[in-house]
Amino acid sequence: NPTVDDEESRKKWWREVEGLIDGLQGQVAQLQRDLTLTKRHKDQRTAAEAWRSSGRLRRMLKMSAAQTVGAEVGIVIRGDRRIDPVIENFVQDPLNCLPGFMVQGAEGFLLRIIGMYLAALRDGDLFVVLHPNPDGTSIIRTRPAEQIAYVATDPEDWERELWYAERQKEEPQGEDRKDRSKWATTWSAPNAATLGETEMFHFTIDRLDGSTQGESLATAVLPWIEQYEELLEARIALNQALAKLTWLVDMPGTDVATRAARKQMVLAQKWGYGSVMFQDSESEKWEAVTASPNGQGAEPDLDAVLRHIYVLCGIVPFWAGELMPSRTGAARAVTPVALAALRTEQKLYFGFLAALLSRVVEKWAAKNATRMRPWAVTVTAADTTSYETLEAARAMKEGAQAIQVALEIGMEPELAQSLLRQFAGLPEEV
């Protein structure tokens, strides 16, 4: 009560009120920022269906994952060297490699963590379950993000996740959702009390403050991929129309039955891309009519949409091989910024992997009652600026030199660029 005479009691009361308000604000922010479960699962189902049906979406997400994770991942162990075999056994365990592939060992584990990052890009969330074995080793498995119905957080700190509940036929509603006993299947977040138990790790992509969910990259990119494919389909239809002949046929005779029989005989023939139109006349005459649409080239539009897709996926067109030599100046300007953004994404994901590997060591030490000396595990990525970008720069330099030679012998610039695109396996300008 703020009317009490004791100054110390009044200060204590106001501290409690302020804490309560802060907690309520955190809960309100979380409720406002989180998508409804129906909307979230709908987006995740849409992303999964698009993954199956859209080859370009798969390609873009794979390029984004490959750019972030890279071709190599380094695991750096500092301090107590007894954890070296623990990490090595975990990485080399066939059960921890990507399922469905013959590749095992370090390469198989690399495919596993790339697949995990792909799932995070597609769904916005990644849920990894760490199962402890009786001998102290651990096995990892992933759970579909669509399967997780509720993320429980600390009432006093909504950024601290406590446990996760899976979907069930009849789910708790209202305040009952916060009661763990109301759920059939739950997983504990890592904490001191669950060291010897199965635990779940949660990684998110672009999570908003005040939310427990990530944002699906596939959901953001899909409308633009559909737009790009619609443009391609329109160009194909236009090219087919340009190659299509329409025969305007004058049908002679006054006998309706005779004209009808003749029309049926003509229509029975296979005309391929051609079509036939009839008009009554005194004598039979055939005239070829071709379509002549007056449209501009679609390459600028296609190029703009494709580059926008690259931007959404965090892929630099310079690295994707989509930049012509005349635009290399723009590539040099954008590369430092793109590299900074890439490093941020790598730090987030590799920090998550380091926490996962550290928990593997902690579980092993607890199971074997091993007293550890100070130690640390970090995960690093290959330096993409020292190899991939260097190789791309060399290749583009060779391409520029080839165009220069072609121009010197009198070849038209448009033809030289067209040949270069063909040799690179890129689509022709439409």
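Let us start inside this predicted model, where the count comes to one cavity of 30 Å³ or more. Rolling a probe the size of a water molecule over the atoms shows where empty space is left. In the largest cavity, that space comes to about 50 Å³.

Who surrounds this space? The lining of the largest cavity is made up of Val-86, Asn-89, Phe-90, Asp-93, Asn-96, Thr-137, Ser-138 and Val-360. Sorted by class, the lining of the largest cavity holds four polar residues, three nonpolar ones and one charged one.

Now let us turn to a pair of helices. Two packed helices are described by the angle between their axes and the distance between the axes. Here, helix 3 (residues 55-69) packs with helix 8 (residues 299-313) at an angle of about 45°, and their axes are 10 Å apart. Because of that angle, helix 3 counts as oblique to helix 8. The crossing of these two helices, helix 3 and helix 8, is right-handed.

Which residues meet where helix 3 and helix 8 come into contact? From helix 3 come Arg-56, Met-60, Met-63 and Ser-64, and they meet Leu-306, Ile-309, Tyr-310 and Cys-313 in helix 8. In the contact of helix 3 with helix 8, six residues are nonpolar, one is polar and one is charged. You can look for Arg-56 and Ser-64 on the helix 3 side, and for Tyr-310 on the helix 8 side.

Terms used:
Residues numbered from 1 in each chain as written. Predicted model: local features only at pLDDT ≥ 70, side-chain atom pairs only at ≥ 80, totals over all residues. Heavy atoms only, no water. Axes fitted to C-alpha atoms, helices over the stretch in contact; angles between N-to-C directions. Helix = DSSP H or I, 4+ residues; strand = E, 2+ residues; numbered from the N terminus. Parallel < 35°, antiparallel > 145°, perpendicular 65-115°, else oblique. Left-handed = near helix turned anticlockwise from the far one by under 90°. Contact = heavy atoms within 4.5 Å. Nonpolar A, V, L, I, M, F, W, Y, C, P; charged D, E, K, R; others polar. 1 Å grid on protein atoms, 1.4 Å probe; cavity = no way out; pocket = protein on both sides within 12 Å on 5 of 7 lines; lining within 4 Å. Points joined across faces, edges and corners; volume = space filled by probe spheres on them.
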